[in-house]
Amino acid sequence: QGQGVGDLKMAASQYEFTVTVSGVRLEDLQGSLQRSVFKDKAWVNFDFGGFKHVRSESRVLESVTRFQWTTHFAYVAHDGEELLTKQLRMSVTTKPPREQRRSARNDESVVVGDVGVPLWLCAAGPAEHSLLVRGAADGKPVARLYAVVGFEQVSNIAVEFQTLSCEQLVPMKRGYANPLVDVSYSRYTFSRPKATVTGIKQKHTLNPTWQHLTPLRFRATYTEMINEWIDVNVQHHSKFDGYKCVGRCKLILKAILNDDALVRFAGPLTNGYAETGTIKGVATFKFLPVFAQMIGGVHTEKGVFGGVQVLPVPRIGDIVERLARVKFFDDDERPLMPRTRMLPNDDDDAAAGGGGRGWGGVHGDGDASGSYDSDDYSSYDSDGGGSG
């Protein structure tokens, strides 16, 4: 991550995705498939760019054939070019009933048709696909394939706190406090205590400051992170009192995520409903995911309908030109322009807090400010989800 824009090879980057496939079904059977209803068995093959090949269970064809199969695995793309050039190929295969087979040693399976989705569109578009499957020989539609393909990038994220300070803490019963701070990712606060970062205890002060804490590290997707927070827990410790909570605060990630840029925050510490001091700090997020699937929406042979972009599409290689060949529509079928962004690659801009995802710093519980840049896209008539 963080390579120069236009560097198609992106040699220093590697993308890991968690992949789930579910909700597979066939509808609108035509041609040979329609003549095979209640006779032949069928299944769906999924080929992820030659990296992984999986298939559903076989079921007797019906007018609406639903497959109960699901799968889950990890996909690793070694560079950005792999996402741009490789496809998810989905093919429908049939075989006749056992009593109609000409040979017991040959199952006589036939690939009836297939359809492809570029991997970059799996990573940046909606998870739900509704596509026409076309025959391999004549290109005529043979069925409509529905599938939900989760393709979320997961990253090993690091949060570096340059400074973290508290002011006007409420003293303990002896009139002072020995504060220490615990910082954790909300999903692991109680389930993985070893993942918590702890600042050293400071004695007899109500205005402690911690410099350069150990980076907080965790694995997550971007879609997961925007529903989580960084939990900051300030405690008092003494041999007489043991450990007592002074106050906590939540750094809502949806408001402050900013890759490779300084984020400044400030707000109150609370214990229950009582305010027990204030906290402020400076942090940097490293190695954030650059891809995230849309929330909602469906990808069809005519384009992408509905849904909300969680992240603008990163400008790697010729992805802007590829986006120009895909139509995007809102829920009312009005054309949309998908948002794009440049990857963080300017140290001066990042140091100023203006790099990364185009968001400014956050103070207190305010909303992030800033905007994304977008391009004017032309449209085209897709022929089965676009080509890689």
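F38 is found in the loop between α1 (31-35) and β2 (41-48), where helices (H or I, at least four residues) and strands (E, at least two) are DSSP runs numbered from the N terminus. This is a predicted model, in which local features need pLDDT of at least 70 and side-chain atom pairs count only at pLDDT 80 or more, while totals for chains, interfaces and linings use all residues. Residues are numbered from 1 along each chain as its sequence is written, and side-chain values use heavy atoms, with hydrogens and water left out.

**Backbone**

- Most residues other than glycine have a negative phi.
- F38, although not a glycine, has a positive phi of about 65°, and this residue is exposed, with a relative accessible area of 62% (buried means under 20% relative accessible area, exposed over 50%, and partly exposed in between, with a 1.4 Å probe and protein chains only).
- Q168, in the loop between β10 (141-167) and β11 (179-185), also has a positive phi, near 55°, and counts as exposed at 64% relative accessibility.

- The largest cavity holds about 40 Å³ of space, and its lining, made up of residues with an atom within 4 Å of a point, consists of V159, F161, I230, L251, I256, V263, F265, A283 and F285.
- Two or more residues of that lining come from each of β10, β17 (262-271) and β18 (274-286).
- By class, the lining of the largest cavity has 9 nonpolar, no polar and no charged residues, where Ala, Val, Leu, Ile, Met, Phe, Trp, Tyr, Cys and Pro count as nonpolar, Asp, Glu, Lys and Arg as charged, and the others, Gly among them, as polar.

**Strand pairing**

- Strands β15 (residues 229-238) and β16 (residues 242-252) pair in the antiparallel sense over 10 bridges, pairing being assigned if DSSP finds at least two bridges between two strands.
- These two strands, β15 and β16, form a hairpin with 3 residues between them, and S238 stands opposite G242 in β16.

**Aromatic contacts**

- A search of the whole structure finds 12 aromatic pairs, with rings of Phe, Tyr and Trp (its six-membered ring) paired if their centres lie within 6.5 Å, and planes under 30 degrees apart counted as stacked, over 60 as edge-to-face and the rest as tilted.
- The rings of F51 and Y75 have centres 4.7 Å apart and planes at 65°, so this pair is edge-to-face; it links F51, in the loop between β2 and β3 (52-55), with Y75 in strand β6 (residues 71-77), 24 residues apart.
- F51 is partly exposed at a relative accessible area of 39%, whereas Y75 is buried at 0%.
- Y185 and F218 form a stacked pair, 4.0 Å centre to centre with 5° between the planes; Y185 lies in strand β11 and F218 in strand β14 (residues 216-221), so the pair ties together parts 33 residues apart in sequence, and both residues are buried.
- One aromatic cluster is formed by Y15, F17, F48, F51, F73, Y75, F151 and F291.

**Charges over rings**

- R25 lies over the face of Y146, at 3.8 Å from the ring centre, a charge being over a ring if NZ of Lys or CZ of Arg is within 6 Å of the ring centre and within 35 degrees of the ring normal.
- The charged end of R55 sits over the ring of W43, 4.3 Å from its centre.

Note on methods
1 Å grid on protein atoms, 1.4 Å probe; cavity = no way out; pocket = protein on both sides within 12 Å on 5 of 7 lines; lining within 4 Å. Points joined across faces, edges and corners; volume = space filled by probe spheres on them.
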